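Subject: Structure for you to look at

Hello,

Here is the structure I promised to pass on. Please open it first, then read my notes below.

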Amino acid sequence: MENIFVEGLKENDINKLLAVPKSDLHNHSTKGCRREWLAQHLHVNIPEPPQHLEGLDGMQTWFRSSIKPFCKGL
């Protein structure tokens, strides 16, 4: 599996990167999973993020408004 990840990075191939299992959910929680997966498991509609997030602050703003309300706690 590690080779697929390295190949995906070198080739800029998002499909190869997405094929690699995630392992840091304890650290990244809701930021480490797919929006669709989270919406399905929480039984809610989570809107797609905007085309451009305007950096990390923009990403955090979208996260706070679109995902955090459904995921209480730390």
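Among contacts in the chain between residues at least 6 apart in sequence, what percentage join residues at least 24 apart? The figure is 28%.

Keep in mind that this is a predicted model. The average pLDDT of the chain is 81, and 81% of the residues score at least 70. Confidence is highest in H5, at a mean of 89. It is lowest in helix H3, residues 25-28, at a mean of 48. Where pLDDT is low, the predicted coordinates should not be read in detail.

**Overall layout**

The chain has five helices and zero strands. Along the sequence, that reads α-α-α-α-α. There are 74 residues, and 18% of them count as buried. The accessible surface is about 6200 Å². Carbon and sulfur atoms account for 56% of that surface.

**The core**

Which residues make up the largest nonpolar core? There are seven: Leu-38, Ala-39, Ile-46, Trp-62, Phe-63, Ile-67 and Cys-71. Two helices, H4 (35-42) and H5 (55-66), each supply at least two residues of this core.

**Helix H5**

H5 has twelve residues. From its first C-alpha to its last, H5 reaches 17 Å. That is close to the 16 Å expected at 1.5 Å a residue.

Four residues of H5 are listed as buried: Gly-58, Trp-62, Phe-63 and Ser-66. They cover an arc of only 135° around the axis, so they sit on the same side of H5. Here is the general rule to remember. An α-helix has 3.6 residues a turn, so residues three or four places apart point the same way.

What do the buried residues of H5 pack against? They pack against H4. Turn to the other side of H5, and Leu-56, Asp-57 and Arg-64 are exposed.

**The loop between H4 and H5**

Find Pro-47 in the loop between H4 and H5. Pro-47 has a relative accessible area of 39%. Set aside its neighbours within four places in sequence, and Pro-47 is in contact with Arg-35, Trp-62 and Ser-66. Pro-47 and Glu-36 are eleven residues apart along the chain. Their C-alpha atoms are separated by 9.4 Å.

Glu-54 also has its place in the loop between H4 and H5. Its phi is positive, about 55°, although Glu-54 is not a glycine. Is Glu-54 buried or exposed? It counts as exposed, at 72% relative accessibility.

Now go to the loop between helix H1 (2-11) and H2, where Asn-12 lies. Asn-12 is another residue other than glycine with a positive phi, near 55°. Asn-12 is exposed, with a relative accessible area of 70%.

Leu-18 lies in helix H2, residues 14-19. It is partly exposed, at a relative accessible area of 37%. Leu-18 and Arg-34 are 16 residues apart along the chain, and their C-alpha atoms are separated by 9.8 Å.

**Where to start**

Begin with H5, where mean confidence is highest. Then follow its buried residues to H4, which they pack against.

Best wishes

Key. Residues numbered from 1 in each chain as written. Predicted model: local features only at pLDDT ≥ 70, side-chain atom pairs only at ≥ 80, totals over all residues. Heavy atoms only, no water. Buried < 20%, exposed > 50% of the residue type's maximum accessible area, 1.4 Å probe, protein only. Contact = heavy atoms within 4.5 Å. Areas by Shrake-Rupley, 256 points an atom, 1.4 Å probe, with all protein chains shown as cover. Core = buried A, V, L, I, M, F, W, Y, C linked by side-chain atoms within 4.5 Å. Expected span 1.5 Å × (residues − 1). Arc of directions from axis to C-beta. pLDDT = per-residue confidence, 0-100.
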